[in-house]
Amino acid sequence: MLNDASRAFAFGEMHTEISKLFQNYENVLIMEREDYEHYSSPIEFERSSVHLDIRDCSLKAGDDFAVRTMTMRGDPVLKISFRKAVRFIVSYSDSMLVVDEPGQRLLIFRDYNKVCCLFGCLWGDQSTMLTETNRMLKSRITWANGVIKLKKILEKG
């Protein structure tokens, strides 16, 4: 059981955003990145294969992708896993950024100097998905000497 209600709520919000991504987009790409090194792959799933459990904040899409809120060393964390290639732990409740554009959405999860991105779109070309993921990621994050720096977003108005 998660012991910090505010963190549990924030991780629940992250879970909700991931659920919406899989419900609203037919194509989802996962990317884990640390400065110049990255791994990316489309997530193969059918909408009927997306299973979510609100009680324990878990979600499974297809055979390879899973998200789960759990306790690690007494603290709540969000674990994102894809095959054996991605095992990403989100330790802080303010570690998610959302970038929305028409027909596509990027969820950015950061932990220390790494990010895990989930990109949803309506088309399925993997190279275009990766290009768009990198472009949208660069609009919010840069690495300076291996350290993540968040870009300030100017409010219009």
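Is Phe65 buried or exposed? Phe65 is buried, at a relative accessible area of 1%. Here buried means under 20% relative accessible area, exposed means over 50%, and partly exposed lies in between, with a 1.4 Å probe and protein chains only.

Before going further, a word on the basis of these values. The model is predicted, so to speak of local features we need pLDDT of at least 70, side-chain atom pairs count only at pLDDT 80 or more, and totals for chains, interfaces and linings use all residues. Residues are numbered from 1 along each chain as its sequence is written, and side-chain values use heavy atoms, with hydrogens and water left out.

Let me stay with Phe65 for a moment. A search of the whole structure finds three aromatic pairs. One of them is formed by Phe22 and Phe65, a tilted pair with 5.1 Å from centre to centre and 35° between the planes. Rings of Phe, Tyr and Trp (its six-membered ring) pair if their centres lie within 6.5 Å; planes under 30 degrees apart count as stacked, over 60 as edge-to-face, and the rest as tilted. The pair links distant parts of the chain, with Phe22 in helix H1 (residues 5-24) and Phe65 in strand S5, 43 residues apart. Phe22 is likewise buried, with a relative accessible area of 1%. Ring pairs join Phe22, Phe45 and Phe65 into a cluster.

Now the overall architecture. The protein chain holds two helices and twelve strands. These are DSSP runs numbered from the N terminus, helices being H or I of at least four residues and strands E of at least two. Along the sequence, the pattern reads α-β-β-β-β-β-β-β-β-β-β-α-β-β. Of the 157 residues, 45% count as buried. The chain exposes about 8,900 Å², of which carbon and sulfur atoms supply 49%; the areas come from the Shrake-Rupley method with a 1.4 Å probe, and for residues only the protein chains shown count as cover. Among contacts between residues at least 6 apart in sequence, 51% join residues at least 24 apart, a contact meaning heavy atoms within 4.5 Å.

I turn to the sheet that contains Phe65. Five strands form an open sheet in the order S3-S4-S5-S6-S7, with antiparallel pairing. Two strands pair if DSSP finds at least two bridges between them. Strand S3 (50-53) and strand S7 (86-90) stand at the edges with a single partner strand each, so one side of each is left without a neighbour in the sheet. From one strand to the next, the twist averages 20°. Within this sheet, eight bridges join S5 (residues 65-72) to S6 (residues 75-82), and Met70 stands opposite Val77 in S6.

Leaving aside neighbours within four places in sequence, Arg87 is in contact with Lys79, Ile80, Ser81 and Phe82. The side chain of Arg87 also reaches the backbone oxygen of Arg83 at 2.5 Å.

What of the other five-stranded arrangement? It is an open sheet with antiparallel pairing, in the order S2-S1-S10-S9-S8. Strand S2 (37-43) and S8 stand at its edges, each with a single partner strand, so one side of each is left without a neighbour in the sheet. Neighbouring strands here are turned by 15° against each other on average, direction ignored. Helix H2 (residues 126-138) packs on this sheet, touching S1, S2, S8, strand S9 (104-111) and S10, and its direction makes about 50° with that of S1. Such angles run from 0 to 180 degrees between N-to-C directions, with axes fitted to C-alpha atoms, for helices over the stretch in contact. S1 (residues 27-34) and S10 (residues 114-121) pair over seven bridges, and Asn27 has Cys121 as its bridge partner in S10.

Finally, the last two strands. S11 (residues 141-144) and S12 (residues 147-150) run antiparallel and are joined by four bridges. Thr142 is partnered by Lys149 in S12. Their hairpin has two residues between the strands, and Asn145 takes a positive phi near 55° there.

Definitions and conventions:
Polar contact = N/O pair within 3.5 Å; in protein donor to acceptor, adjacent residues only side chain to side chain.
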